[in-house]
Amino acid sequence: MAPMDATAGQPLDLYDLSRAQLAERLAGWGYADYYAGLVWSGFYRDLATAPEGIAGLRPALAERLAAERIGVLPVRATIDSADGHTRKFLLGLGDGAAIETVLMYFRGRATVCVSTQVGCAMGCVFCATGQMGFRRHLSPGEIVAQVVHAERELRRRGETLRNVVLMGMGEPLHNYEATMAALDTVMDHRGLAIGPRFITLSTVGVVPGIRRLTAERRPVRLAVSLHGATDEERARLVPPARRWPLGELMAACRDYTTTLGRRIFFEWTLIDGQNDGPAQAHALGRLLAGMDAHVNLIPLNPTLGYDGRPTAGAAARAFQAVLAEYGLPSTVRQRRGIDVAAGCGQLAVAR
Ligand code: SAH
Ligand code: SF4
């Protein structure tokens, strides 16, 4: 997606630009790379919200930049969990749509969960975002802006962001280009400088996307949402399982771990009586045995559009014990801030 030019009538979202694209723009206006460096660190180190806030800029350049847009997203609503560990933001977009960004304050490892689309086309039955349907892709700048927002919030508390997880609204590999462009900005060491091993991209299993990120050797960590270990069981929860069957998906996952020499993460939403019994745990164990894999078990966060209950703690531990028999490490992920409906898409849907 080519960023639009102010000269063509539409202001440019400066957050959409890579460091190289910014330098190119500024060169076109007659400024050396040094100024691109000032602007970049102004945006992504000092978190400036306007060109006037950037030290050392020539007034003419500040004025030129002011004709463009810095895509800061206004906060439409904020909800804190009762335990104070999670703050959920509903951020407004230019076209009136809204997305969710969730900030989790784990001391020293603050984590932001960002969205990549408004809604989602994949239609997983238990997911509030899936229940919304697909509205549109986010631009790179709209993804970057969520991370900048989180960093700004944390700085007010004297903290800094450590982890970025692409587990908010939307399917990142359905919006591949914008997601990767945003991650390049987020990782840039002259700016936000989030290390790639602190970034996790979660996908429902878009096989061409997994193949592409493997071929491009994208440095981020990969998590694949399984929820079922046979095509039939999986397709009941995750409709894209019909398009990308487990045979193809697991081949792409194996290729990812062997080509890149990296561990892969799998996510499994535990739904009482649906996919949490010993038979399913054994099927998952057989599917993943021998892989350098880690399983994240997420007790279902109930949503309005799906009549299911989360698996209880004892059953979740029994599931883990079966996986351990196959040599598979697993974690039962705490549903932080469940009281603020921190499950993906739930705040946007409630409004
Ligand atoms: N589209 C991507 C990333 C966003 S969803 C994906 O599906 O992986 C992030 C994770 O939250 C996925 O594993 C998804 O299955 C899970 N999830 C969605 N809704 C949930 C709910 N109501 N309860 C528990 N987990 C949920
Ligand atoms: Fe989309 Fe992920 Fe929700 Fe499935 S779980 S509908 S892929 S956001």
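**Briefing: cavity, ligand shell and helix packing**

A search of the whole structure finds 1 cavity of 30 Å³ or more. The model is predicted.

**Cavity**

- The largest cavity holds about 50 Å³ of space.
- Its lining is formed by His227, Gly228, Glu233, Arg236, Leu237, Gln274 and Asn275.
- Sorted by class, the residues lining the largest cavity are 4 polar, 2 charged and 1 nonpolar.

**Surroundings of ligand 2**

- The residues around ligand 2 are Cys120, Met122, Gly123, Cys124, Cys127, Gly130, Gly170, Glu171 and Val204.
- By class, this shell around ligand 2 comprises 5 nonpolar, 3 polar and 1 charged residues.

**Helices H5 and H6**

- Helix H5, spanning residues 140-156, packs with helix H6, spanning residues 176-187, at an angle of about 40°.
- The axes of H5 and H6 lie 8 Å apart.
- H5 and H6 are therefore oblique to each other, and their crossing is right-handed.

**Helices H7 and H9**

- Helix H7 (residues 207-215) and helix H9 (residues 246-260) pack with their axes 9 Å apart, at an angle of about 10°.
- Because angles under 35 degrees count as roughly parallel, H7 is roughly parallel to H9.
- The crossing in which H7 passes H9 is left-handed.

Conventions
Residues are numbered from 1 along each chain as its sequence is written. Chains are lettered from A and ligands numbered from 1 in the order in which they are written. This is a predicted model: local features need pLDDT of at least 70, side-chain atom pairs count only at pLDDT 80 or more; totals for chains, interfaces and linings use all residues. Side-chain values use heavy atoms; hydrogens and water are left out. On a 1 Å grid over the protein atoms alone, a cavity is a set of points where a 1.4 Å probe fits but cannot get out, and a pocket is an open set with protein on both sides within 12 Å along at least five of seven lines; lining residues have an atom within 4 Å of a point. Grid points are joined across faces, edges and corners, and a volume is the space filled by probe spheres set on the points. Ala, Val, Leu, Ile, Met, Phe, Trp, Tyr, Cys and Pro count as nonpolar, Asp, Glu, Lys and Arg as charged, and the others, Gly among them, as polar. A residue is near a molecule or strand if one of its heavy atoms lies within 4 Å of it. Axes are lines fitted to C-alpha atoms, for helices over the stretch in contact, and angles run from 0 to 180 degrees between N-to-C directions. Helices (H or I, at least four residues) and strands (E, at least two) are DSSP runs, numbered from the N terminus. Angles under 35 degrees count as roughly parallel, over 145 as roughly antiparallel, 65 to 115 as roughly perpendicular and the rest as oblique. A crossing is left-handed if the near helix is turned anticlockwise from the far one by less than a right angle, and right-handed if clockwise.
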